[in-house]
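Subject: Structure handover

Hello,

Here is the structure I said I would pass on. My notes on what was found follow below it.

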Amino acid sequence: MSQAEDAEAGALRAALLGAVRRLTPYTMACNLGSGALVLQAFDGGVPSSLWAWWAVLNTVSLLALWGWWRQRQRVHATASVRAMRRVTVHSAVLATLWALVPVVWFPHAQPAQQLLIGTLVTGMLGAGGFVLSPVPAASLAWVCATALGALIALWRDFNPDLLPVAMLVVAYAPMVAIGAQSAGRLQARMLLAQWRTERQERMLTVLLQDFEQQADDVLWQTGADGHLSHQAPRLGQLLGLPDAALAAQPLLALLRSRASSGMEALQQALNAGRPFRDLVISLDIGGTPRHLALQGKRLVDEQGRTLGWRGVVSDITARVLAQQQLHALAHTDSLTGLANRHTLREALADTLQQGQAAALLSLDLDHFKSINDTLGHTAGDQLLQTVAQRLCDVTRPGDLVARLGGDEFSVLLRAPIGPADVDALARRLIASLAQPVLVQGRQLQVGASVGVARCDGTADGVDDLLVRADLALYAAKDGGRGRHAVYTPAMGARSRRRVALEQGLRTAVARGELALHWQPKVDIAGWRIVGAEALLRWQHPQLGAVGPSEFIPVAEQCGLIAEIGRWALAEACRAANGPLAGLVVSVNVSPVQLRDAHALAVLREALLAARLPPGRLELEITESVFIGDSDGALERLHALRALGVRVALDDFGTGYSSLAYLRRFPFDTLKIDRAFVSEVLLRADARAIVHTIAQLAGTLGMRTVSEGVETAAQLAAVRQAGCHEVQGYLVSPPLPLDRFLALRAGWPVRQAVPEAG
C-alpha cells in the first residue's frame with residue numbers, strides 16, 4: 001500500500017501521515033525539552049560538542065514545528081510515496097541525533113548523568129516507535145537508530161554491571177519495533193475498513209434515494225412512539241399530506257384520519273408484533289380512492305424491546321381498480337348495467353343456502369326479435385336499456401334484476417314476500433313494459449310475459465328454480481303473451497321431456513347413440529388448423545337430435561355425466577392419436593366431472609389406452625367450477641396439470657373471472673365468449689373487453705381463442721385485438737369426423753385468411 005499509486009493508497013498514506021502530523025507539536029516539544037534536560041545534566045561542564053548537538057536538535061525540531069504550523073489548516077486528501085519517505089528521513093535524522101548522546105557522551109558522564117541519558121534514550125525508543133507506528137518505515141528507522149546508539153554506548157563503556165541493561169535493550173527493541181509495525185498495520189486496516197464501510201453506506205444512500213424517487217414502493221419507518229423516523233420523499237404524496245404534516249402525528253393516526261377500510265387489520269398486525277405483508281388499506285384522498293399495500297416488520301434491540309417498525313408501502317390503486325373493473329365486467333351485463341346470469345345464480349344459491357323464502361320471475365319481451373331485425377341492433381339496444389330501467393323502477397331496492405342475454409330478464413324477490421306480493425309485482429312489471437317506448441324518434445309498443453317460480457326455503461336447487469321459472473314463462477306465452485303464470489306441477493310437458501331425456505341418457509352410451517362432432521380451431525396468424533374441439537351430439541331414438549345445452553344439464557343432475565364424460569374423453573383421445581394426429585384436441589369437462597374423486601384416474605386411463613402424449617389434450621372448463629369450493633377446484637386443476645395436459649378457461653368474461661384465480665392457476669388458454677365476439681363490431685365496450693382479455697392473456701403467457709366468429713369483419717376485429725385463434729361458423733360448424741378430415745385435407749389448397757368486406 002505504501003508503494004501503490006492508486007487513489008485509495010494515496011488517501012491511506014494521507015490519513016496515516018495525518019495521524020503522525022497531529023502529534024508533531026507534542027513530539028517536537030518533547031525533543032526540545034529532553035535536549036534541555038541533557039544540557040542541564042551536564043551543567044557546569046557542558047562540552048562544546050554537546051552545545052553543537054543541542055543546536056542541531058533544536059534546529060530540526062523547530063523546522064518540523066514550522067512545517068506543521070504552515071500546514072495545520074490544510075486538509076490532505078492524498079499523500080505520495082515521497083512524502084512517506086520524507087517522514088522516514090526526518091525520523092531517522094532525529095533518531096540519529098538522540099543516538100549520538102549515549103555514543104559520544106555516555107562513556108565519560110557521571111553516574112547521575114548516565115542515569116538521565118539512559119532514561120531519556122529508553123523513553124525516546126518506546127515513545128517514538130509507537131508515535132511513528134502509522135508510518136512503519138519511520139518507526140522502524142527510529143527504533144533501530146536509537147537502540148543501536150544505546151548498544152554502541154554500552155559496548156564502548158563495557159561494564160559487567162551494565163550487561164543486563166544491554167540484554168534488555170536487545171530484547172525490548174525488537175519487541176517495540178514489532179509492536180509498532182503491528183499497530184501500524186492494524187491502524188491501516190481499520191482505516192481501510194472504515195472507508196469501505198463509509199463508501200458502501202454512501203452507495204446505499206444513493207441507491208435508497210434513487211429507489212425512493214423512482215420506484216412505486218415507498219419506505220417507511222417509525223420509532224417506538226409511532227411517529228415517522230424516516231420520511232421518504234413520496235410518502236406524503238401517497239397519503240395526500242404535505243411533508244410538514246407527516247411529523248405532526250403518529251403514522252396510524254395519519255392513516256386513520258383518511259382511511260375507509262383496512263385500519264382494523266393493520267392495528268391487529270401491529271398489536272401482534274409479527275411481520276405482515278400485502279395488507280391493503282383504502283384511503284379517501286380528496287374524494288379520490290387510493291389503495292395502498294403495506295408490509296412491515298418490528299425493529300427490536302438486544303433485549304427484544306420494540307424500537308419501532310420498518311416496511312414498504314406500495315400504491316396498488318391501478319391494480320385494484322383494474323380488478324374491480326374486471327370483476328364488474330364479469331358480474332354485470334355490459335349493455336344495461338344489470339346483474340348477469342352468473343350473479344343471479346350466485347344470489348339464488350345464497351338465498352337457498354340461507355333457507356329464505358324467495359320468488360324468481362323470468363320474463364322476456366314479446367316480438368323483440370322483429371323490432372331488432374327491422375330497426376337494427378342500435379335500436380334494440382336502446383329498447384333493452386329502457387326496459388332495464390323500468391324493471392329497476394318497479395322492483396324494490398332489495399330485489400335483484402338481471403339480464404340473462406338477448407331479451408331475457410329475471411327478477412329475484414327476496415323475503416319477506418307472499419303470493420299476493422309476487423302476483424302484484426308481476427302485474428306491475430307487465431303494465432310498465434306495456435307502455436310505449438320512444439326509440440330513435442319512434443314509439444314502439446312492446447310487451448312482456450312473466451313466469452314465476454316460488455321457493456319456500458326448502459331444498460330446491462338453483463337449476464330447479466330456473467327451470468320452473470322458464471316452464472312458467474313458456475306457459476304464460478302459450479296462454480297469449482302479456483300475462484304471467486306461476487309454476488305448478490301441472491306444467492309437465494317440459495318435465496316429461498326431461499324425464500325422457502334422463503331415461504334415454506342412461507342407455508345412450510351402451511346403444512351407441514352419442515357421437516363426437518369436431519369444430520376446428522384456426523391460428524389467425526398462419527391461418528392453419530391447429531386444434532379441434534370435441535362436441536357431444538345425441539340422436540335420441542324417439543326425440544331425434546338433442547342438443548348438448550339440453551341434455552348435459554340433465555346428465556349432471558341425474559349423475560350420468562361421469563359415464564358420458566369418460567366415454568367422450570376416451571373417444572377424443574383415440575381420435576387425437578389417430579386421424580387427428582398433429583392437432584391439439586379439446587374436450588369440455590363439466591364441473592361435476594371435475595369434482596368426481598375418480599376424475600384424475602379416468603384421465604390417466606384414457607391417455608394410456610390411446611397412447612396419447614398429454615400435451616396433445618386440452619381440457620376446457622368453465623368458471624362455475626370454482627363455485628363453492630375454489631381451493632378444492634384449484635387443487636384438482638393442479639393435479640391435472642401435473643399429468644401434462646393443457647387446461648383452457650371457457651366462456652371467459654361472462655362468469656366471475658378473477659385475477660386471483662388467473663394468478664393462482666396458470667391456464668394455457670382463455671376462450672373469449674361468443675357473446676362478446678358477436679357484439680365486437682356493434683359495441684365499443686365489447687371491443688374493449690375483447691382487447692382487455694387478449695392483453696391480459698398475453699401478459700400472463702396464455703393463448704386466446706375467440707368463439708363464435710361468423711364473419712370476416714369479426715375475424716379482423718379479434719385479430720386486431722391480439723387474439724391468437726378463432727373458432728366459429730366462419731371457419732366451419734361442428735362436423736362429423738369424416739367431414740372434418742375432408743375439411744382438413746383440403747385446407748391448405750382452398751383456404752385463405754378471409755378479408756373483411
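A residue counts as buried when its relative accessible area is under 20%, and as exposed when that area is over 50%. Please keep in mind that this is a predicted model.

By that cut-off E707 is buried, because its relative accessibility is 6%. K671 is buried as well, with a relative accessible area of 0%. The side chains of these two residues, E707 and K671, meet in a salt bridge, with N and O 3.3 Å apart. E707 belongs to strand β21 (residues 703–707) and K671 to strand β20 (residues 669–672), so the pair ties together parts that lie 36 residues apart in sequence. Both residues also belong to a network of salt bridges that links K521, E533, E618, E620, R646, K671 and E707.

Salt bridges in general

Side chains of opposite charge can pair when their charged atoms come close. The count of salt bridges here comes to 22. Two others for your notes:

- D399 and R396 meet through their side chains at 2.9 Å, N to O. D399 is buried at 10% relative accessibility, while R396 is partly exposed at 35%.
- R277 and D278 form a salt bridge whose closest N and O atoms are 3.9 Å apart. Both R277 and D278 are exposed.

Around L619

L619 sits in strand β18, which covers residues 617–622. With a relative accessibility of 4%, L619 is buried. Leaving aside residues up to four places away in sequence, L619 touches L569, V587, V589, L603, L640, V645, R646, V647 and A648. One of these contacts, R646, is 27 residues from L619 along the chain, yet their C-alpha atoms are separated by 6.2 Å. R646 is also one of the residues in the salt-bridge network mentioned above.

Aromatic pairs

The structure holds four aromatic pairs. One of them is W527 with W747, a tilted pair at 5.9 Å centre to centre and 35° between the planes. This pair links distant parts of the chain, 220 residues apart: W527 is in the loop between β14 (514–523) and β15 (528–540), and W747 is in helix α28 (residues 737–750). W527 is buried at 6% relative accessibility, and W747 is buried at 5%. Another pair, F665 with F667, is edge-to-face, with 4.9 Å between the centres and 70° between the planes. F665 and F667 are both buried.

Regards

How values were computed:
Residues numbered from 1 in each chain as written. Predicted model: local features only at pLDDT ≥ 70, side-chain atom pairs only at ≥ 80, totals over all residues. Heavy atoms only, no water. Helix = DSSP H or I, 4+ residues; strand = E, 2+ residues; numbered from the N terminus. Buried < 20%, exposed > 50% of the residue type's maximum accessible area, 1.4 Å probe, protein only. Contact = heavy atoms within 4.5 Å. Salt bridge = Lys/Arg side-chain N within 4 Å of Asp/Glu carboxyl O. Phe/Tyr/Trp six-rings, centres within 6.5 Å; stacked < 30°, edge-to-face > 60°.
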